[in-house]
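This report describes a single protein chain for a reader who is new to structural work. Please keep the sequence and the model in view while reading.

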Amino acid sequence: MKRVSTSVLGLAVVLLVTIAAMKPVSGFSCVQAKLSLLTCLPFLTTNQESPSSVCCNAVRNVRASASTKPELREACDCLKATANETPNLNKDKAVQLPKLCNVDVGFSISKDIDCSK
């Protein structure tokens, strides 16, 4: 019986460590930002006149996830790379997006921004 309880305890510890490792850490995630901002593609790549509320919520969430200066720089690099990878991106709309959503992201969303500043 002692071997069984030791094995169960060991398995429980392994499961807890695994779950703790899988739990997302707070902070900026480029992958998560890209997934969230997919909702903005209709505005950024078509003639849609304004961003949707879902898009603006995504912009708010991305900004909230980058609360430190290093995270903001990472967000800038991520969004710059995403802008460069997005076919048919309307550069003017990308720059306007944060303002239209009433979110100060701390930098311009553009293909040309210098994120080191």
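Asn88 is exposed, with a relative accessible area of 65%; here buried means under 20% relative accessible area, exposed means over 50%, and partly exposed lies in between, with a 1.4 Å probe and only protein chains considered. Asn88 sits in the loop between α5 and α6, and its phi is positive, about 65°, although it is not a glycine. The structure is a predicted model, in which local features need pLDDT of at least 70 and side-chain atom pairs count only at pLDDT 80 or more, while totals for chains, interfaces and linings use all residues. Residues are numbered from 1 along each chain as its sequence is written, and side-chain values use heavy atoms, with hydrogens and water left out.

Asn102 also has a positive phi, about 55°, without being a glycine. Asn102 is placed in the segment after α6 and is exposed, its relative accessible area being 71%.

## The chain as a whole

The chain has 6 helices and 0 strands. Helices (H or I, at least four residues) and strands (E, at least two) are DSSP runs, numbered from the N terminus. From that end on, the order of elements is α-α-α-α-α-α.

Of the 117 residues, 28% count as buried. The chain exposes about 8,100 Å², and carbon and sulfur atoms supply 60% of this area; accessible areas come from the Shrake-Rupley method with a 1.4 Å probe, and for residues only the protein chains shown count as cover. Among contacts (heavy atoms within 4.5 Å) with a separation of 6 or more, 73% are between residues 24 or more positions apart.

Helix α5 covers residues 69-85, which is 17 residues. From its first C-alpha to its last it reaches 24 Å, close to the 24 Å expected at 1.5 Å a residue; the expected span is 1.5 Å times one less than the number of residues. Its buried residues are Glu71, Ala75, Cys76, Cys78, Leu79 and Ala83, and they pack against α2 (30-37) and α4 (53-65). An α-helix has 3.6 residues a turn, so residues three or four places apart point the same way.

## The nonpolar core

A nonpolar core is a set of buried Ala, Val, Leu, Ile, Met, Phe, Trp, Tyr and Cys residues joined through side-chain atoms within 4.5 Å. The largest one has 27 residues, and those with the most contacts inside it are Phe28, Leu37, Cys40, Leu44, Val59, Leu97 and Phe107. The elements that give two or more residues to this core are α2, α3 (41-45), α4, α5 and α6 (91-100).

Leu44 touches Asn88, Leu89, Asn90, Lys93, Ala94 and Leu97, when residues up to four places away in sequence are not counted. Cys55 lies in helix α4 and is buried, with a relative accessible area of 0%. Leaving aside neighbours within four places in sequence, Cys55 is in contact with Thr39, Cys40 and Leu97. Cys55 and Ser36 are 19 residues apart in sequence, and their C-alpha atoms are 7.8 Å apart in space.

## Salt bridges

How many salt bridges does the count give? The count comes to 2, where a salt bridge is a side-chain nitrogen of Lys or Arg within 4 Å of a carboxyl oxygen of Asp or Glu. One of them joins Lys34 and Glu85, whose closest N and O atoms are 3.4 Å apart. This pair links distant parts of the chain, with Lys34 in helix α2 and Glu85 in helix α5, 51 residues apart. Lys34 is partly exposed at 32% relative accessible area, whereas Glu85 counts as exposed at 53%.

Asp114 forms a salt bridge with Lys117, and their closest N and O atoms are 4.0 Å apart. Asp114 is partly exposed, with a relative accessible area of 38%, and Lys117 is exposed, with 82%.
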